[in-house]
Amino acid sequence: MIKLETRDLSYSYHAGQAILSNISLEINEGTITVLLGLNGSGKTTLIKVLTGLLRPLKRTTFIESKDITQISPVALSKFISYVPQNISDDTDFAVLDYLTFGRMNTIKFYSSPKSEDYKRAKAVAEELGITDLLTEKMNELSGGQRQLVTIARAVVQDSGIIIMDEPTASIDYKFLNIVIRYIYKLKQQGKTIVLSCHNPSIPLLLNADVVVLERGKVKMTGKAREVLTLQTLCDIYGCDFIASSQLPYEEASLLPIER
Ligand code: ADP
């Protein structure tokens with residue numbers, strides 16, 4: 001089933017300056033789609049349109065064939081959870097409480113989270129290996145720790161689609177491994193994942209679909225392991241790449257999740 005779709009999507013922040021042009025994408029349920037492209041190519045803008053934060057003039061974004069602009073915020077939060085790129089560090093909520101914010105779409109107005117909400121939050125924290133952070137305050141975490149907590153909060157929300165803007169940007173190698181494997185596990189559970197990143201190894205490891213943006217247009221789409229050849233990587237990033245088979249040593253890198 002097509003879960004998320006754009007039809008001839010264009011977007012401008014200022015009249016006459018198109019940031020996204022004529023983007024048509026079909027994202028199937030239970031897949032991982034990785035947005036690649038140079039800085040300024042439009043990845044964050046596309047993510048904000050897909051999450052409903054930015055609204056193009058025309059109706060161009062659809063979730064399960066429903067126009068996103070016709071879905072109420074509460075209903076939308078049951079479809080999509082969003083991990084933004086810049087996570088605010090000015091809240092002193094404890095991590096466990098922050099995680100239960102992901103349940104807000106199920107908690108009645110003026111009510112508090114219930115024991116099952118805390119249970120769900122703790123279960124996700126355990127899956128991501130961050131239970132030791134549960135009693136910490138959000139504004140006392142490192143950027144990478146905050147990023148992990150925000151990924152966990154998105155999962156706690158229990159939406160079918162999870163959209164993440166550079167979720168691996170500031171996490172260390174240990175947690176990069178954990179997050180990549182976790183994203184793959186979410187896909188296996190049937191979640192539809194869209195994420196942007198700067199590391200082309202990530203879609204290759206995840207055996208994901210890729211959408212490569214260039215100046216707001218789709219330059220290339222397809223299975224990462226089919227389209228991300230050394231040649232296309234050079235075309236996208238404008239520099240030479242070395243295949244690991246050409247290296248004079250055994251490269252220490254993450255292993256593909258699926259061979
Ligand atoms: P990426 O995520 O690929 O780095 P962005 O979507 O952040 O790309 O940016 C694409 C273009 O849109 C850039 O030229 C950027 O300067 C511009 N842009 C991003 N946000 C705004 C904004 N709020 N107002 C005006 N222009 C913006």
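1. Let's start at the ligand: helix α1 gives the most to the shell around it, with three residues. Helices here are DSSP runs of H or I with at least four residues, strands are runs of E with at least two, and both are numbered from the N terminus. A quick word on what you're looking at: this is a predicted model, where local features need pLDDT of at least 70, side-chain atom pairs count only at pLDDT 80 or more, and totals for chains, interfaces and linings use all residues. Residues are numbered from 1 along each chain as its sequence is written, and side-chain values use heavy atoms, with hydrogens and water left out.

2. Who surrounds the ligand? You'll find Tyr13, His14, Ile19, Leu38, Asn39, Gly40, Ser41, Gly42, Lys43, Thr44 and Thr45 there; a residue gets on this list if one of its heavy atoms lies within 4 Å of the molecule. Sorted by type, the shell has three nonpolar residues, seven polar and one charged. For that sorting, Ala, Val, Leu, Ile, Met, Phe, Trp, Tyr, Cys and Pro are nonpolar, Asp, Glu, Lys and Arg are charged, and the others, Gly among them, are polar.

3. Now look at the ligand's oxygen atoms. One lies 2.7 Å from a backbone N or O atom of Gly40, and a polar backbone atom of Ser41 is 3.2 Å from a ligand oxygen. Taken alone, the ligand exposes 570 Å², and the protein buries 58% of that; accessible areas come from the Shrake-Rupley method with a 1.4 Å probe, and for residues only the protein chains shown count as cover. Two elements give two or more residues to the shell: β1 (2–14) and α1 (43–50).

4. Is Lys43 buried or exposed? It counts as buried because its relative accessible area is 6%, and buried means under 20%, exposed over 50%, partly exposed in between (1.4 Å probe, protein chains only). A polar atom of the Lys43 side chain also lies 2.8 Å from the backbone oxygen of Gly37. Beyond its neighbours within four places in sequence, Lys43 is in contact (heavy atoms within 4.5 Å) with residues including Leu38, Ser196 and His198.

5. Ser196 is buried, because its relative accessibility is 1%. Its side chain makes a polar contact with the side chain of Asp165 at 2.8 Å. A polar contact is a pair of N or O atoms within 3.5 Å; within protein, one must be able to donate a hydrogen and the other to accept it, and residues adjacent in sequence count only if both atoms are side-chain atoms. The Ser196 side chain also reaches the backbone nitrogen of Glu166 at 2.9 Å.

6. On to the strands. An open sheet of four has the order β2-β1-β4-β5, with antiparallel pairing; two strands pair if DSSP finds at least two bridges between them. Its edge strands are β2 (17–28) and β5 (66–67), each pairing on one side only. Strand β4 (residues 61–63) meets β5 over two bridges, and Phe62 stands opposite Asp67 in β5.

7. Last, β6 (residues 80–83). In a regular strand the side chains alternate between the two faces of the sheet. In β6, Ile80 and Tyr82 on one side and Ser81 and Val83 on the other are all buried. Four bridges join β6 to strand β7 (residues 161–165), and the two run parallel. Ser81 has Ile162 as its bridge partner in β7.
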